[in-house]
Amino acid sequence: MTLQTAASAVPARIVKPAPRVPPNLADYDATCAAFSWARAGAELDGLPAGGLNIAHEAVDRHLGGPREARTAIRWIGKAGARRELSYGDLARQTNRFANALRNLGVLPGERVFVLMGRLPELYIAVLGALKARCVVTPLFSAFGPEPIATRAEMADARLLVTTPELYQRKVKGLRARLPGLKEVVVVGEAPTGEPGVVGWDALVSTAPDRFTIEATDPESMALLHFTSGTTGRPKGAVHVHGAVVAHAVTGRYALDLHDDDVFWCTADPGWVTGTSYGIVAPLVAGVTNVVVEAEFDAETWYGVLEREKVSVWYTAPTAIRMMMKLGAAAVQGHALPALRFMASVGEPLNPEAVAWGVEAFGLPFHDNWWQTETGGIMIANFAALDIKPGSMGRPLPGITAAIVRRSGSGVEIVETPMTDGELALKAPWPSMMRGYLHEDERYRKCFVDGWYLTGDLAKRDDEGYFWFVGRADDVIKSAGHLIGPFEVESALIEHPAVAEAGVIGIPDPTVGEMVKAFVALKPGFEASEALNRELLGHARKRLGAAVAPKAIEFRANLPKTRSGKIMRRLLKARELGLPEGDLSTLESDEQK
Ligand code: AMP
């Protein structure tokens, strides 16, 4: 690896020697020029009955050939248990679950929620429900009852698959609030005597292992992924079966998946990366997909890379920074000759982390960018191209990206290199969201002059590489997860002592941003250590560890606009000692 070092310790450019395996995208410009989504779509199978179905492309398409016996999912359990599902096994098991849904009367288009850790049944449930043409929403298992209930209510969840423990702790108490949730399927020991609760084994063991997927309109809803906005409830981003074309293309070009790869995406399917790239893209590519049940632990992870001979690894900056803390020596005790491509997504990947990849693994991390709404990778550092550490890379073939400024009712393209503006993508592409559930106006506002506006600020250099600058809104990115401040504030003000709450993200060297809340108390309540702990506990119980604030600070009152909105921007500026900016809308102010 040649490192052309610039002034700083991190090279400005990593010029890579020819990769060990010829990249799928060898000539970026030629591939972009020749690319068409229609041709990419034509390379997929399509359903015998007509249309396009994600589960057919991911599973059934591989039957009858050499891939049928290949391991599709290699599951490594927390306690060291292993389970291998070949593409043939996965086809039969997903057929059983699709038949089980049909037997229960769950109709195409109805919503199937999945709330569990990374167990094999999660993967079977998602793909089986897609075969039955149900709409799937995977939820993060560290969500507390409130985020679960909000999402299930919004989507009118019909059936939920979970574990006995999560059922007891989080779901049982919500049943009365969710009358549309007719069945809960429990993987493992199902509680007895609970109406509307059925055990997974009893359900699938009696269901036939043959299932014919009915004609599926490529524009029909397949996945509903919730994401956070600055205001109001979470947004349900609607994705369709046709998105699989983008999953196939990005798996091939951005992750460089080849037929004999062993691939590991460390993301949880409760977040979009764990679905698009932890389930769909690797299976569409026909590779072996490693699934690790345990949470992050550097030694466990290095052990997985070594033992499973992972060749392509897709992970995230928070995990990379945690590994960096332990040093490169910890990696070098492991023989990783199979590992040939490493990618990262979800938050800014600092240049030091890219360079550390070279030091520790002999390979750089390839940063890429996308978001729930885009459904798949949009901007990437490709295997064949140099990396400029700190840059997210270049647009995928088939994607036109630009830096724009809103002007009147339209947008102006910012042509000057390295000038900040909003990152915009020319609409449409196959995995573009087709709506925000029940929120047409909010959806419509994302598109101006044929551009999808991402809500991220970025810049573009004179070679067409994009550089992340920040978010245009108040949404918080912590450990790769988007957290809506409004959802956290709403949970805090449910507490009898809380009059107002303002929630911001403050920079954290490991997890990117840490959730911090500012709270004004109601008359009669005194700020104290005990109340601080109580509020942290209250938020954690309602929201779950993934969303709850890590710190709370009491204030006599919070800065608000004349219309009564809490000025999070000002809270943040003051917390970080930054310029306070335009204060013309400020009405009440604690510091006055
Ligand atoms: P989500 O919808 O949860 O996947 O979050 C998407 C958001 O994460 C984007 O809009 C960005 O703000 C951020 N993000 C994703 N990938 C990157 C990246 N490579 N660099 C910087 N920010 C990123």
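**Close-up 1. Pairing of strand 11 with strand 22 in the predicted model.** Val 238 has Gly 435 of strand 22 as its bridge partner. The structure shown here and in the following views is a predicted model.

**Close-up 2. Pairing of strand 11 with strand 10.** Strand 10 (residues 221-227) pairs with strand 11 in the antiparallel sense, over 6 bridges. Met 221 has Val 240 of strand 11 as its bridge partner.

**Close-up 3. The two faces of strand 11.** In a regular strand the side chains alternate between the two faces of the sheet. Lys 235, Ala 237 and His 239 are buried on one side of strand 11, and Gly 236, Val 238 and Val 240 are buried on the other. Strand 11 (residues 235-240) is largely enclosed by the rest of the structure, because 6 of its 6 residues are buried.

**Close-up 4. Polar atoms facing the ligand.** A polar side-chain atom of Asp 367 lies 2.8 Å from a nitrogen atom of the ligand. For Asn 368, a backbone N or O atom is placed 2.7 Å from a ligand nitrogen atom. Arg 471 has a polar side-chain atom 3.0 Å from an oxygen atom of the ligand. Of the 500 Å² of accessible area that the ligand has on its own, the protein covers 96%.

**Close-up 5. The shell around the ligand.** The ligand is surrounded by 18 residues, of which the closest are Asp 367, Asn 368, Gln 371, Thr 372 and Lys 477. By class, the shell comprises 8 nonpolar, 5 polar and 5 charged residues. Strand 16 (365-369) and strand 25 (466-471) each supply at least two residues of the shell, and strand 16 gives the most, with 3 residues. Domain 1 (1-34 + 296-397) and domain 3 (400-472) each contribute at least three residues.

Definitions and conventions:
Residues numbered from 1 in each chain as written. Predicted model: local features only at pLDDT ≥ 70, side-chain atom pairs only at ≥ 80, totals over all residues. Heavy atoms only, no water. Near = heavy atom within 4 Å. Polar contact = N/O pair within 3.5 Å; in protein donor to acceptor, adjacent residues only side chain to side chain. Areas by Shrake-Rupley, 256 points an atom, 1.4 Å probe, with all protein chains shown as cover. Helix = DSSP H or I, 4+ residues; strand = E, 2+ residues; numbered from the N terminus. Nonpolar A, V, L, I, M, F, W, Y, C, P; charged D, E, K, R; others polar. Domains from an automatic or database assignment. Buried < 20%, exposed > 50% of the residue type's maximum accessible area, 1.4 Å probe, protein only. Pairing = 2+ DSSP bridges.
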